[in-house]
Amino acid sequence: MNIAIIGTGNVGGSLAKRLSEHHRITLGVRNTEDFKGKELLAYSGNITAHSISEAVALADVIIIAVPAQYAVETAKNLGDVSGKIIIDTMNAVFVKPEGFTNTADAILANCNTEDVVKCFNTTGFENMLNPIYHGKGIDMFTAGNSEKGIAMATQLSKEIGFGNVYHFGGNDRFALIEQFAFSWINLAILQKQGRDMAFTVVRR
């Protein structure tokens, strides 16, 4: 499968590394000769860099991992995404896309697919590189109406080592899952508990 990743910072780069173990990764960048995360090209032969339009055209799945304030601009620059799944990893907890309360709604309003799902937004990039704690994969969480998108996000999460994947609900839960992400950010960063921590569901 070919996965386009738009955004090559900590989250996009970490997902590129892990997902390249199973899939072809096309990084969508503005300048293929000089971009943040260029070292990813040396990490795996499955990672290549293309213009955003080329990466999208090649992709079955698109992962967006840019700062939240660029969600609208990024969605508009994707071009034709009909039939493709978009996974939104962003969180509008400090800065929001203009006119929207969350990033997934901003994407849906500015591109031609309904298959948008939030995933990989509720924990730090370190936990994407290594989601194993005490010998077991931590949990991942999703939200969105798209059954196809949820199935794909679940598959990719498990491929890179996450354990159970819990679904928060449909598009009306986009804001809730971003607030859940803020809970991790608050504890790990603002309250200085450290980034090597994670949420997981336990049952009696």
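Strand β1, helix α1 and strand β2 make a right-handed β-α-β unit. This comes from a predicted model, so keep that in mind as you follow the chain.

- Strand β1 covers residues 2-6, and five of its five residues are buried, so the strand is largely enclosed by the rest of the structure.
- Both faces of β1 are covered: Asn 2, Ala 4 and Ile 6 are buried on one side, while Ile 3 and Ile 5 are buried on the other.
- β1 runs parallel to β2 (residues 24-29), and five bridges join the two strands. To find one of these contacts in the model, look at Ile 5, whose bridge partner in β2 is Leu 27.
- β1 also runs parallel to strand β4 (residues 61-64), this time with four bridges. Here you can look for Ile 6, whose bridge partner in β4 is Ile 64.
- Helix α1 spans residues 10-19. Seven of its ten residues are buried, so α1 is largely enclosed by the rest of the structure.
- Which residues of α1 are buried? They are Gly 12, Gly 13, Ser 14, Leu 15, Ala 16, Arg 18 and Leu 19.

**Salt bridges**

- The count of salt bridges comes to seven.
- One of them joins the side chains of Arg 18 and Glu 21, with 3.0 Å from N to O. Arg 18 has a relative accessible area of 13%, which is under the 20% cut-off, so it counts as buried. Glu 21 has a relative accessible area of 45%, which lies between 20% and 50%, so it counts as partly exposed.
- Lys 118 forms a salt bridge with Asp 88, and their closest N and O atoms are 2.7 Å apart. Lys 118 lies in strand β6 (residues 116-118) and Asp 88 in strand β5 (residues 85-88), so this pair ties together parts that are 30 residues apart in sequence.
- Lys 118 also forms a salt bridge with Glu 178, with the closest N and O atoms 3.0 Å apart. Glu 178 lies in helix α8 (residues 174-190) and Lys 118 in β6, so this pair ties together parts that are 60 residues apart in sequence.
- Taken together, Asp 88, Lys 118 and Glu 178 are linked in a network of salt bridges.

**The largest pocket**

- The largest pocket has a volume of about 690 Å³.
- It is lined by 29 residues, and those nearest its centre are Val 11, Val 66, Pro 67, Thr 89 and Asn 91.
- Helices α1 and α8 each supply at least two residues of this lining, and α8 gives the most, with four residues.
- The lining of the largest pocket divides into 15 nonpolar, twelve polar and two charged residues.

**The second largest pocket**

- The second largest pocket has a volume of about 380 Å³.
- It is lined by 17 residues, with Gly 7, Gly 28, Arg 30, Ile 52 and Val 66 nearest its centre.
- The elements that give two or more residues to this lining are β2 and α4 (71-77). Which element gives the most? That is α4, with three residues.
- By class, the lining of the second largest pocket has seven nonpolar, six polar and four charged residues.

Definitions and conventions:
Residues numbered from 1 in each chain as written. Predicted model: local features only at pLDDT ≥ 70, side-chain atom pairs only at ≥ 80, totals over all residues. Heavy atoms only, no water. Buried < 20%, exposed > 50% of the residue type's maximum accessible area, 1.4 Å probe, protein only. Pairing = 2+ DSSP bridges. Right-handed = clockwise from strand over helix to strand, strands pointing away. Salt bridge = Lys/Arg side-chain N within 4 Å of Asp/Glu carboxyl O. 1 Å grid on protein atoms, 1.4 Å probe; cavity = no way out; pocket = protein on both sides within 12 Å on 5 of 7 lines; lining within 4 Å. Points joined across faces, edges and corners; volume = space filled by probe spheres on them. Nonpolar A, V, L, I, M, F, W, Y, C, P; charged D, E, K, R; others polar.
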